[in-house]
Amino acid sequence: MTTPHDRIDGRPDRRASGAEPEPGVRPAPEPPRRLPEFDFAAYRSTELRSPRQPLVIPPSGATEPTGPVFGVADVHPLDADLTAQHVGEPLGERIVVGGRVLDESGRPLRGQLVELWQANAAGRYPHKADRHPAPLDPNFTGAGRCLTDEEGRYRFVTIKPGAYPWGNHHNAWRPAHIHFSLFGTAFTQRLVTQMYFPGDPLFAYDPIFNSVRDERARRRMIAGFDMDTTVSEWALGYRWDIVLGGASATPTEDR
Ligand SMILES: [Fe+2]
């Protein structure tokens, strides 16, 4: 029988409480696992890089209030159009990705720096460590940024990324995804997550996607096709709201 503490490979979760409950004593219900597991056996590299000691939070110092922050002057409107950063247009399916950044109460977070990075349409990053034998696109860097507006909205024009192999196990392919960063008001608040596309057949095979063990939380990482975001005769649109905190929080890779 599996329990919430079981890992998908059947091994016990090393970070589970460990202590068995007293006979006849019902253990407290496990809260939904909305965040990715730090140590998730199917995602092999987490074995070595997941923390073995409890989190230590240092006291706040001058760094937080005085550290660099981004403002309107630092972000150019064209930074949000990944199809307009080079001489020519990149290859692939042009898309619009937009949504709102909200706090746990559903209030818009204004002026937030939203950054994204992604593979090109062939599933290749322009990085020396990416050895996937798929073509680079000289017209696509795959990075962009923008600030949320008064309603917490962000909007990017980009190319739909391709799936790519990642060597985690035999025939391991990442579903198409876009990495997102929410900066907050200081480096120490930065949150990183990934957005997926609806209906991807690779979801069931991806340990990174499935390291978020709560199904409803996983669904919150999947954008929805959105006709209101779609631009006639030009690009399909996807909507993805990012909720920072609370029961409906978008899973992030930090906590
Ligand atoms: Fe990626």
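In this predicted model, the largest nonpolar core holds 29 residues, and the members that touch the most others are Val97, Val114, Phe156, Phe180, Met195 and Ala223. Two or more residues are given to this core by each of the strands β1 (94-103), β2, β4 (153-159), β7 (177-182) and β8. For alanine 223, when residues up to four places away in sequence are left aside, the residues touched are Val97, Met195, Tyr196, Phe197, Pro198, Tyr238, Arg239 and Trp240; among these, Val97 and Met195 are also listed with Ala223 as core members that touch the most others.

Some of the strands that contribute to the core, including β2, β7 and β8, also belong to an open sheet of four strands, in which the order is β3-β2-β7-β8 and the pairing is antiparallel. The edges of this sheet are formed by β3 (143-147) and β8 (191-196), each of which pairs on one side only, and from one strand to the next the twist averages 25°. Within the sheet, strand β2, which spans residues 113-117, is joined to β3 by five bridges in the antiparallel sense, and in this arrangement glutamate 115 of the protein stands opposite arginine 145 in β3.

At the level of the whole protein, the secondary structure consists of four helices and 11 strands. The protein contains 255 residues, of which 26% count as buried.

Notes
Residues numbered from 1 in each chain as written. Predicted model: local features only at pLDDT ≥ 70, side-chain atom pairs only at ≥ 80, totals over all residues. Buried ≥ 20, exposed ≤ 12 C-beta atoms within 10 Å, placed from the backbone. Pairing = 2+ DSSP bridges. Axes fitted to C-alpha atoms, helices over the stretch in contact; angles between N-to-C directions. Core = buried A, V, L, I, M, F, W, Y, C linked by C-beta atoms within 7 Å. Contact = placed C-beta atoms within 7 Å.
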